[in-house]
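User: I would like to go through this structure step by step. Please start with the terms and then take my questions.

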2 protein chains.
Amino acid sequence: MTAPPHETRPTATGRALPDTQQGMRRRNLARVMHAVSAEGSLSRAAVASRIGLTRAAVSTLVDELIRWGLLEELGPERPSRVGRPGSALAVSGHGPAGIGAEVGVDHLAVCAVDLRGAVRARAVRHGANRGRNPGPVVEELTGLVRRVVADAEREGLWPAGLAVAVPGLVARDGHTVVHAPNLDWHGTDLGALLPTGLPLTVDNEANFGALAELWLGDATPRDFLHVSAEIGIGAAVVVDGQLLRGKRGFAGELGHVPVRPDGPRCACGGRGCLEQYAGEEAVLRAAGLESREDAVGLLARQAGADHEGVRRALHDAGTALGIALTGAVNLLDPESVVLGGALAGLAPWLLPALEAELADRTTGPACPVAVSRLGHEGPLLGAAHSVVRAVLDDPATVAERL
Amino acid sequence: MTAPPHETRPTATGRALPDTQQGMRRRNLARVMHAVSAEGSLSRAAVASRIGLTRAAVSTLVDELIRWGLLEELGPERPSRVGRPGSALAVSGHGPAGIGAEVGVDHLAVCAVDLRGAVRARAVRHGANRGRNPGPVVEELTGLVRRVVADAEREGLWPAGLAVAVPGLVARDGHTVVHAPNLDWHGTDLGALLPTGLPLTVDNEANFGALAELWLGDATPRDFLHVSAEIGIGAAVVVDGQLLRGKRGFAGELGHVPVRPDGPRCACGGRGCLEQYAGEEAVLRAAGLESREDAVGLLARQAGADHEGVRRALHDAGTALGIALTGAVNLLDPESVVLGGALAGLAPWLLPALEAELADRTTGPACPVAVSRLGHEGPLLGAAHSVVRAVLDDPATVAERL
DNA sequence: CTATTTCGTCATCGCGGTTTACAAATTAGT
DNA sequence: ACTAATTTGTAAACCGCGATGACGAAATAG
């Protein structure tokens with residue numbers, strides 16, 4: 001052993017990456033990408049003033065990004081002010097694509113999103129996955145991925161990575177499903193089962209839904225709480241534009257926040273968890289309905305048709321949600337709460353009780369509650385966009401793949 | 001208007017500071033300071049391998065830091081391995097000092113901490129502050145600050161800033177006390193009242209207590225929940241080594257998390273808040289005791305003397321805390337929960353019920369609950385150290401003051 | 001048609017970390 | 001004791017990257 005090259009002892013105080021000129025360049029490349037991406041189309045000079053570098057510096061950065069196929073020169077802008085018009089730059093529509101996938105309880109979906117954020121290819125397969133072994137399900141998913149990748153390539157895109165949204169807890173390693181009760185998957189390593197050659201990330205659908213809200217929602221703040229529900233109730237905490245994952249990656253388990261400490265026993269071992277009052281099963285039972293597929297759609301239709309029992313059940317669920325969210329809001333002081341997933345469709349009947357509870361139990365102005373307009377597409381889009389964001393956040397990585 | 005110099009439009013996507021070479025240097029200076037500070041004493045070569053720069057680069061950084069009086073050369077190390085021994089570097093004990101202050105309900109305290117973390121001067125004044133006007137209280141505090149600053153200067157230190165811990169909510173501006181019920185201060189701007197020439201930061205004592213735990217506690221993780229209580233119950237959420245403050249700076253209001261949604265009315269407007277069960281007043285009432293000064297000490301003594309009513313009251317408080325913390329732990333998945341402030345002294349009687357609730361209501365291994373060993377000193381030390389950390393985090397700022 | 005403004009680029013510069021080389025200071029081996 | 005090997009700290013030359021300043025190009029204003 002002649003030379004321990006780096007002594008990578010991870011200091012307890014956190015990683016201490018060296019701050020080198022290359023890193024600086026990489027970050028500035030990312031800034032250029034983000035600036036152009038945010039405005040859709042921008043001249044070099046405009047980018048320079050946005051990110052605080054000189055025109056000359058931006059020019060060299062842009063040259064490189066164009067060479068890598070991440071930016072495109074659209075040609076001269078229509079002159080608005082005095083002076084020579086700039087040459088419009090836009091994020092490339094023929095470069096890398098993010099492949100997003102979703103394993104739902106009764107469907108599989110895959111889509112490809114380009115750097116501009118446009119969905120360029122998609123594939124869906126309906127059919128219940130609950131209780132099936134992971135093997136065949138993932139095999140079908142792989143087929144869909146291959147089709148979408150082929151379609152994307154036909155449009156001049158190349159896949160930069162694959163992100164999969166699953167309805168369950170995912171380990172912090174980013175590819176193992178620890179526990180997905182609605183699929184009955186436990187400790188399933190998707191990394192081993194998905195033989196696409198693509199870099200893989202797996203995450204909770206609630207997390208991807210929250211990211212979609214952050215990136216695609218109109219005027220979504222950088223600090224918010226995203227609540228969604230399929231069968232369980234999951235929340236995602238976004239702090240300063242970043243997902244809070246927790247030590248084991250289990251953060252956001254809103255469904256098991258105690259609402260009535262002496263309430264009925266829950267599968268988690270506790271009593272009176274939120275899920276006992278606002279979970280799909282609980283609401284159906286309270287409404288006097290049978291459990292079935294598309295239960296959420298049924299609830300919405302019945303509530304819309306003035307079904308008294310359903311309305312009362314949803315009202316009570318809203319109350320329970322309000323109590324749990326009061327705790328969360330007191331703890332986190334977020335800028336807003338966003339209802340997504342199945343909750344978005346039921347919002348009209350949940351919101352009154354929920355907001356009343358929140359207003360009563362909080363001093364000062366209550367935390368605003370918004371409804372996601374992304375609906376059930378959130379997790380899939382969030383997954384695909386997470387790959388795209390990774391490219392925008394560090395464009396230099398794609399250069400290595402040329 | 002010849003040239004809009006920077007067009008500082010704060011982009012919705014967050015600040016986009018230009019990544020310039022100067023910024024790089026500043027961050028590397030900070031890395032050197034942190035490396036030396038963490039190990040106590042380190043050679044240039046050791047620093048270089050820790051932070052991933054070359055020895056030559058570190059040499060120039062160290063030269064500068066020594067010139068600014070932030071590092072000291074201690075001379076040759078005792079040789080342990082083969083090869084020329086390094087020259088030990090240490091953080092200076094004669095440079096800038098952080099001045100911390102605490103406004104308690106019945107005391108004022110000020111201390112000075114040097115870059116090494118040692119307390120070098122202190123001053124305390126006992127006497128109830130509850131209900132007194134801010135003016136005279138702050139005037140007394142100013143006197144203590146002046147004394148401590150003078151003492152510190154006599155030891156060759158110079159004050160780099162003042163941080164004040166108060167028992168109440170502080171606005172995100174960092175100097176206005178929005179609401180301190182136990183002092184009866186409301187909307188008090190300490191910036192205007194503290195005429196020291198020093199840069200001022202004001203924050204909640206629970207926040208400073210949590211930071212003290214993070215920086216001074218043994219093996220405290222970077223993701224934890226710090227719970228403290230004086231009269232109210234405050235928590236501080238630390239995520240990735242950073243305080244989570246919330247939109248208005250009100251994050252961590254654990255005291256008003258609903259524990260029994262139909263419980264007694266609370267001053268906050270809600271019902272059955274944690275404070276109704278585990279707040280000082282509530283515990284005293286449940287124990288059949290009168291409210292008085294040093295109520296916590298009284299409770300601890302009585303519980304230690306096997307007073308049955310007190311024990312039961314504390315047990316019930318522990319249960320309520322456990323319920324509220326279950327919610328918080330489910331939401332945040334922290335690495336641990338730390339009991340600080342008054343709770344630390346009462347921990348022996350709170351913990352059993354608290355941990356039982358937490359274990360019962362959580363799947364998998366329960367989140368570990370630790371007791372702070374900093375006790376009532378936490379907020380004061382945290383305040384002083386926050387100034388010290390600011391210097392370590394950006395040593396270049398002190399150069400401007402030479 | 002000229003003056004002015006703005007854009008993109010080029011050559012030059014300065015700053016900052018790297019590389020290479022070397023002297024100094026220590027241990028290991030004979 | 002003397003040599004070889006190893007490690008430290010520093011100095012000189014180098015290279016990458018953004019800043020500066022100048023310039024031609026392309027538009028508007030008068």
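Analyst: Contact means heavy atoms within 4.5 Å. This is a predicted model, in which local features need pLDDT of at least 70 and side-chain atom pairs count only at pLDDT 80 or more, while totals for chains, interfaces and linings use all residues. Residues are numbered from 1 along each chain as its sequence is written, chains are lettered from A and ligands numbered from 1 in the order in which they are written, and side-chain values use heavy atoms, with hydrogens and water left out.

User: How many residues of chain B are in contact with chain A?

Analyst: The contacts are counted on each chain. Chain A brings 62 residues to them, and the number from chain B is 61.

User: What is the area buried between chain A and chain B?

Analyst: Buried area is the accessible area (1.4 Å probe) that two parts lose on being put together, summed over both. Carbon and sulfur atoms give 51% of it here. Asp19(A), Leu331(A) and Asp333(A) supply 15% of what chain A buries against chain B, more than any other three residues. The area between the two chains is about 5100 Å².

User: Which element gives the largest share of the surface near DNA strand C?

Analyst: A residue is near a strand if one of its heavy atoms lies within 4 Å of it. Helices (H or I, at least four residues) and strands (E, at least two) are DSSP runs, numbered from the N terminus. At least two residues each come from α2 (44–51) and α3 (55–67) of chain A and from α1 (21–39) and α3 (55–67) of chain B. The largest share, 4 residues, is that of α1(B).

User: How many charged residues does the surface near DNA strand C have?

Analyst: Ala, Val, Leu, Ile, Met, Phe, Trp, Tyr, Cys and Pro count as nonpolar, Asp, Glu, Lys and Arg as charged, and the others, Gly among them, as polar. DNA strand C is surrounded by 28 residues. By class, 11 are nonpolar and 10 polar, and the number of charged residues is 7.

User: How far is a base oxygen of DNA strand C from an N or O atom in the side chain of Arg84(A)?

Analyst: A polar contact is a pair of N or O atoms within 3.5 Å; within protein, one must be able to donate a hydrogen and the other to accept it, and residues adjacent in sequence count only if both atoms are side-chain atoms. The side chain of Ser59(A) has an N or O atom 2.6 Å from a phosphate oxygen of DNA strand C. A polar backbone atom of Gly83(B) is 3.4 Å from a base oxygen. For the side chain of Arg84(A) and a base oxygen, the distance is 2.8 Å.

User: Which residue has a polar side-chain atom 2.4 Å from a phosphate oxygen of DNA strand D?

Analyst: Ser59(B) has a polar side-chain atom 2.7 Å from a phosphate oxygen of DNA strand D. An N or O atom in the side chain of Gln21(B) is 3.0 Å from a base oxygen. The residue with the 2.4 Å distance to a phosphate oxygen is Arg25(A).

User: Is strand β4 of chain B largely enclosed or open?

Analyst: Buried means under 20% relative accessible area, exposed over 50%, partly exposed in between (1.4 Å probe, protein chains only). One side of β4(B) has His107(B), Ala109(B), Cys111(B) and Val113(B), the other has Leu108(B), Val110(B), Ala112(B) and Asp114(B), and all are buried. Because 8 of the 8 residues of this strand (residues 107–114) are buried, β4(B) is largely enclosed.

User: Which residue of β5(B) is the bridge partner of Cys111(B)?

Analyst: Two strands pair if DSSP finds at least two bridges between them. β4(B) is joined to the antiparallel β3 (residues 96–103) of chain B by 7 bridges, and Ile99(B) has Ala112(B) as its partner. β4(B) also pairs with β5 (residues 119–126) of chain B in the antiparallel sense over 7 bridges. In β5(B), the partner of Cys111(B) is Arg122(B).

User: Which residue takes a positive phi in the hairpin of β4(B) and β5(B)?

Analyst: This hairpin has 4 residues between its strands, while that of β3(B) and β4(B) has 3. The phi in question is near 100°, and the residue is Gly117(B).

User: Is Cys273(A) buried or exposed?

Analyst: Cys273(A) sits in the loop between β13 (242–244) and α7 (275–278) of chain A. Beyond its neighbours within four places in sequence, the residues in contact with Cys273(A) include His256(A), Cys266(A) and Cys268(A). Because its relative accessibility is 2%, Cys273(A) counts as buried.
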